Amino acid sequence: MTRQPPLVERVGARAYRVPTPGPEADGTLAWDATTIVVVRADAGEVSGLGWTYADEACVPLIEGKLAEVVRGRPLCDVPAAWTAMQRAIRNLGRAGLVSCALSAVDVALWDAAARWLDLPVSRLLGRVHESVDVYGSGGFTTLSEGELAAQLDHWVRRQRLPRVKIKIGESWGTRVERDLERVRLTRDKVGDDVEVFVDANGAYSAGQARRVAERLLEWGVTWFEEPVSSDDLAGLAGARFPGGPDIAAGEYGYDLPAFARLLPVVDCLQVDVTRCGGFTEWRRAAALAAAAGRDVSAHCAPNLSAHAAVATPNFRHIEWFADHDRIERRFFDGCLDPAGGTVTPSLAQPGHGLTFRAGAAAEYAL
Ligand SMILES: [Mg+2]
């Protein structure tokens, strides 16, 4: 006789706003704080933890409509709960906040199910890799030369990361010479053995993006993320050329059709487990990418991404994003250490191995 899983009894959420150390900006957005919505799902004697980096408006949606359709379901049938949520939100629209809320619940359910089974999430999903690569990500356009140099130094000398990414496309692509100067400074600072990536967050026009892509070759840049808006499929295609940097996009992929549209015009598909629909939808997005012969790279939420990453055959690397790294180390026990440029999710801890430090988070509660 097999054990029968408990039923999901309760799904709760809380939002926290964490100020950044200083003003931060990329090519198309400036911010001074990051909001994280933390979800807890209870079933029998276990509870699971999920989160998404989104607006506090997710909280009533999670505790209302999503909790309503998830409650009473067998804990381990996470794709059934996911499908019920997806159907229930039809008239709200899947993309954006709704998908972020759904993702956080999905992650909490996988964590709870894995804890009940006494397995790591990565083992429940099924591991392909023991470890996966990461890259240091930050390099905001608001940083002074000295601050950028210090961040690069931290990643490359102290953490020994062999890949780094900086933001370009400053002020909607109006500071191209400063962008290129910062790329030059980055190459000078990290040396020839470290891969240099750039992210324009959709700041350039199509022609501008192609011209910048050609100039990036001078400093051996191998990754050009969102050279134009991810909605501009022709612009993404136009930034790709033989011998040029890989073109990447996908961080605003909230459903499978969005990933399917992007795949023909990117070299590597980015997927965010806290936006795309959680671990459940990550697996399907990765399968789509595999069918197109593309790798997947994890966008942000590094400590959750690691579990999906080691279970994805066509996986390239995790974005170890400075803002999220700082928040996750403050809010959760059990965070992974990216030193050396790879992470290995623990096989000794059940679930995703992270526990919420409610006391440390309390001062940021909204
Ligand atoms: Mg990006």
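In which hand, right or left, does H2 pass H3 in their crossing? The crossing of H2 past H3 is right-handed, meaning that the near helix is turned clockwise from the far one by less than a right angle.

Good morning. What I present is a predicted model, in which local features need pLDDT of at least 70 and side-chain atom pairs count only at pLDDT 80 or more, while totals for chains, interfaces and linings use all residues. Residues are numbered from 1 along each chain as its sequence is written, and side-chain values use heavy atoms, with hydrogens and water left out.

I begin with the helix pair. Helices are DSSP runs of H or I with at least four residues, strands are E runs of at least two, and both are numbered from the N terminus. The axes of H2 (residues 78-88) and H3 (residues 97-117) come within 10 Å and cross at roughly 165 degrees. Those axes are lines fitted to C-alpha atoms over the stretch in contact, with angles running from 0 to 180 degrees between N-to-C directions. H2 is therefore roughly antiparallel to H3, a term for angles over 145 degrees. On the H2 side, the contact (heavy atoms within 4.5 Å) is made by Val-78, Ala-81, Trp-82, Met-85 and Gln-86. H3 contributes Leu-102, Val-105, Asp-106, Leu-109, Trp-110 and Ala-113.

I turn now to the metal site. The magnesium ion has as protein donors Asp-199 (OD), Glu-225 (OE) and Glu-251 (OE), at 2.0 to 2.2 Å. Donors here are N, O and S atoms within 2.8 Å of the metal (3.2 Å for Na, K and Ca), and sites may look incomplete because water is not among the atoms. The sequence spacing of the donor residues is D-x25-E-x25-E. Asp-199 belongs to strand E6 (residues 195-199) and Glu-251 to the loop between strand E8 (246-249) and helix H10 (256-262), so the pair ties together parts 52 residues apart in sequence. Both Asp-199 and Glu-251 are buried, that is, under 20% relative accessible area with a 1.4 Å probe and protein chains only, whereas exposed means over 50%.

The loop between E8 and H10 also holds Gly-253, which is buried at 2% relative accessibility. Leaving aside residues up to four places away in sequence, Gly-253 touches Ala-258, Phe-259, Arg-275 and Cys-276.

Finally, backbone angles. Most residues other than glycine have a negative phi. Asn-201, however, has a phi near 45 degrees; Asn-201 sits in the loop between E6 and helix H8 (206-216) and is buried at 8%. Trp-172, in helix H6 (residues 170-173), has a phi near 55 degrees and is exposed, at 57%.

Methods. Parallel < 35°, antiparallel > 145°, perpendicular 65-115°, else oblique.
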